[in-house]
Amino acid sequence: METIFSRNKEEHPEPIKAEVQGQLPTWLQGVLLRNGPGMHTIGDTKYNHWFDGLALLHSFTFKNGEVYYRSKYLRSDTYNCNIEANRIVVSEFGTMAYPDPCKNIFAKAFSYLSHTIPEFTDNCLINIMKTGDDYYATSETNFIRKIDPQTLETLEKVDYSKYVAVNLATSHPHYDSAGNILNMGTSIVDKGRTKYVLFKIPSSVPEKEKKKSCFKQLEVVCSIPSRSLLQPSYYHSFGITENYIVFIEQPFKLDIVKLATAYIRGVNWASCLSFHKEDKTWFHFVDRKTKKEVSTKFYTDALVLYHHINAYEEDGHVVFDIVAYRDNSLYDMFYLKKLDKDFEENNRLTSIPTCKRFVVPLQHDKDAELGSNLVKLPTSATAVKEKDGSIYCQPEILCEGIELPRVNYDYNGKKYKYVYATEVQWSPVPTKIAKLNVQTKEVLHWGEEHCWPSEPIFVPSPDAREEDEGVVLTCVVVSEPNKAPFLLILDAKTFKELGRATVNVEMHLDLHGMFIQQKDLEAKME
Ligand SMILES: CC1=C(/C=C/C(C)=C/C=C/C(C)=C/C=C/C=C(C)/C=C/C=C(C)/C=C/C=C(\C)C=O)C(C)(C)CCC1
Ligand SMILES: [Fe+2]
């Protein structure tokens with residue numbers, strides 16, 4: 001297991017031709033680009049947590065039935081400083097870096113002071129984002145790094161905080177039908193307020209401003225005040241429908257006072273996150289046209305979530321699906337110390353990821369009786385009006401044991417049927433991926449022994465008429481010695497294997513990624 005999670009992986013910047021078995025669809029042309037942690041020790045120092053590792057980008061290029069693999073470490077400032085010092089010198093969420101013991105007393109004092117308001121890492125290891133024809137590696141700090149999707153070369157560093165007052169931003173932005181980005185970030189104690197800021201980055205800039213970056217045209221859509229000045233909620237993603245933005249303010253919170261003193265106290269930033277199981281989880285809906293928040297207060301019981309799956313509107317309700325936990329054991333499970341060879345027995349989640357559907361009656365009868373269920377759709381999800389005017393929502397359970405969900409993005413924000421995800425049981429051993437029909441709750445699986453499939457990505461076939469017409473791509477790391485990893489191509493409809501492209505390298509387990517169609521790569525080159 002040590003190999004899978006914590007062994008440093010080599011980069012392969014030159015394309016390696018994969019051995020293709022089976023029949024790949026001829027229309028499948030483009031690049032699957034993915035991101036995740038690849039280096040966990042530098043010199044004699046080791047990160048504490050798997051989500052801290054240095055970003056290793058990798059890609060599979062599909063060209064006329066052939067597949068080429070390459071991988072390259074993101075040359076972030078963090079990477080360069082660490083490699084030059086041959087030790088971890090930049091703090092990550094789960095690992096606080098301290099000055100070299102050989103530094104003089106003034107350098108040490110300066111380092112302590114500068115950490116009160118830290119310069120965050122640009123080790124963007126979580127996801128890939130597209131703005132216009134450009135691609136960025138993303139994390140959750142204020143920094144993103146432009147990359148070349150073909151060579152995986154690292155380009156400019158962009159600081160969101162130069163364009164919008166945020167200290168943190170999600171690595172799961174949304175895209176509207178014109179390709180504009182909608183994202184959210186947290187502004188911590190700025191001008192005496194802590195708020196969640198929704199912002200839009202246009203996909204293109206007007207012709208006469210072509211030299212300017214699209215970040216200069218960034219617009220704030222709306223701000224939602226945090227319920228607590230010093231304890232904003234942590235969030236990893238949000239949802240959108242045609243008319244609303246769905247934001248969940250969960251009782252999994254960052255303690256700002258603890259964060260500001262973490263360095264001096266000798267603890268990591270992750271220890272400043274805590275789950276308040278006695279608190280409520282608040283749902284916020286922002287009207288995308290008026291940019292105003294819906295004033296009714298909707299809430300549910302305490303939960304922890306990382307991934308929204310999808311959301312849509314139906315007959316005056318907003319329906320949204322999420323992967324939820326009853327506690328924060330997921331983050332704790334990924335401490336590298338716990339991912340040792342016996343981790344399957346010793347490292348177990350105390351809460352299984354559960355796919356929950358909430359059905360929120362935005363338009364409801366204002367004179368409805370207290371205690372009555374306001375949901376008018378055929379679902380077991382409920383929304384009950386309370387004395388103080390707030391509405392208490394309880395979900396319908398769609399399925400248990402899935403994570404890293406993806407949908408056909410053409411159906412994002414719309415009524416949909418299918419989720420593709422990795423299966424998770426009580427320990428982080430994904431032996432399968434799944435296709436869940438959220439309407440019938442039927443599940444199809446793909447799995448093979450010793451195989452660790454990554455987040456499955458749906459790619460629609462050209463002129464697809466049905467939601468699941470296309471393929472599903474997943475990188476499969478194999479934990480059996482002498483067996484090479486491969487990219488698996490499944491028919492999305494049947495979930496049967498169409499082919500696999502095997503590459504004889506030691507591949508890393510990754511987090512998220514995107515498929516870039518050949519036509520989009522060509523548009524970039526023009
Ligand atoms: C990968 C496998 C699985 C599932 C994995 C899942 C569900 C991964 C979720 C990943 C998440 C939530 C990653 C979040 C990373 C956040 C980072 C790196 C944040 C960095 C923030 C920093 C440095 C900011 C500091 C800010 C401060 C201090 C604010 O003031 C399974 C379980 C499906 C199977 C195994 C493989
Ligand atoms: Fe994520």
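Buried means under 20% relative accessible area, exposed means over 50%, and partly exposed lies in between, with a 1.4 Å probe and protein chains only. This is a predicted model, in which local features need pLDDT of at least 70, side-chain atom pairs count only at pLDDT 80 or more, and totals for chains, interfaces and linings use all residues. Residues are numbered from 1 along each chain as its sequence is written, chains are lettered from A and ligands numbered from 1 in the order in which they are written, and side-chain values use heavy atoms, with hydrogens and water left out.

**Stop 1: Ser223**

Select Ser223. Its relative accessible area is 34%, so Ser223 is partly exposed. Ser223 lies in strand E16, residues 219-225. Strands (E, at least two residues) and helices (H or I, at least four) are DSSP runs, numbered from the N terminus. Contact means heavy atoms within 4.5 Å. Then pick Leu198. From Ser223 to Leu198 the C-alpha distance is 6.1 Å, across 25 residues of sequence.

**Stop 2: Glu278**

Glu278 is in the loop between strand E20 (273-275) and strand E21 (281-287). Is Glu278 buried or exposed? It is exposed, with a relative accessible area of 61%.

**Stop 3: ligand 1**

Select ligand 1 and show its shell. The shell holds 25 residues, and Phe51, Phe120, Leu259, Trp269 and Thr422 come nearest. A residue is near a molecule or strand if one of its heavy atoms lies within 4 Å of it. Taken alone, ligand 1 exposes 890 Å², and the protein buries 96% of that. Accessible areas come from the Shrake-Rupley method with a 1.4 Å probe; for residues, only the protein chains shown count as cover. Colour the shell by class: 19 residues are nonpolar, 4 polar and 2 charged. Nonpolar here means Ala, Val, Leu, Ile, Met, Phe, Trp, Tyr, Cys and Pro; charged means Asp, Glu, Lys and Arg; the others, Gly among them, are polar.

**Stop 4: helix H4**

Leu259 leads to the next selection. Take residues 256-265, helix H4, where the buried residues are Ile256, Leu259, Ala262 and Tyr263. Why do these residues share a side of H4? They cover an arc of only 95° around the axis, which puts them on the same side of H4. The arc is that of the directions from the helix axis to the C-beta atoms.

Look at both ends. At the start of H4, a side-chain oxygen of Asp255 comes within 3.1 Å of the backbone nitrogen of Val257. After H4 comes Gly266, with a positive phi near 75°.

**Stop 5: helix H2**

Go to residues 77-85, helix H2. Thr78, Tyr79 and Asn82 are its buried residues. Their arc around the axis is only 100°, which puts them on the same side of H2. Which strands cover them? The cover includes E3 (30-39), E4 (41-42), E6 (54-63) and E7 (66-73). Just past H2, Asn86 has a positive phi of about 55°.

**Stop 6**

Pick Lys146 in strand E10, residues 143-147. Lys146 counts as buried, at 14% relative accessibility. Beyond four places in sequence, the contacts of Lys146 include Asp134, Tyr135, Tyr136 and Glu153.

Move on to Leu152, in the loop between E10 and strand E11 (154-159). Leu152 is buried, with a relative accessible area of 0%. Its phi is positive, near 70°, in a residue other than glycine.

Glu153 is in the loop between E10 and E11 too. At 40% relative accessibility, Glu153 counts as partly exposed. Glu153 touches Lys72, Lys146, Ile147 and Asp148, residues up to four places away not counted.

**Stop 7**

Select Ser351, in the loop between helix H6 (343-346) and strand E25 (354-361). Ser351 is buried, at 1% relative accessible area. A polar atom of the Ser351 side chain lies 2.7 Å from the backbone nitrogen of Arg326.

Finish at His450, in the loop between strand E32 (443-447) and strand E33 (451-453). His450 has a positive phi near 65°. With a relative accessible area of 35%, His450 is partly exposed.

Conventions:
Polar contact = N/O pair within 3.5 Å; in protein donor to acceptor, adjacent residues only side chain to side chain.
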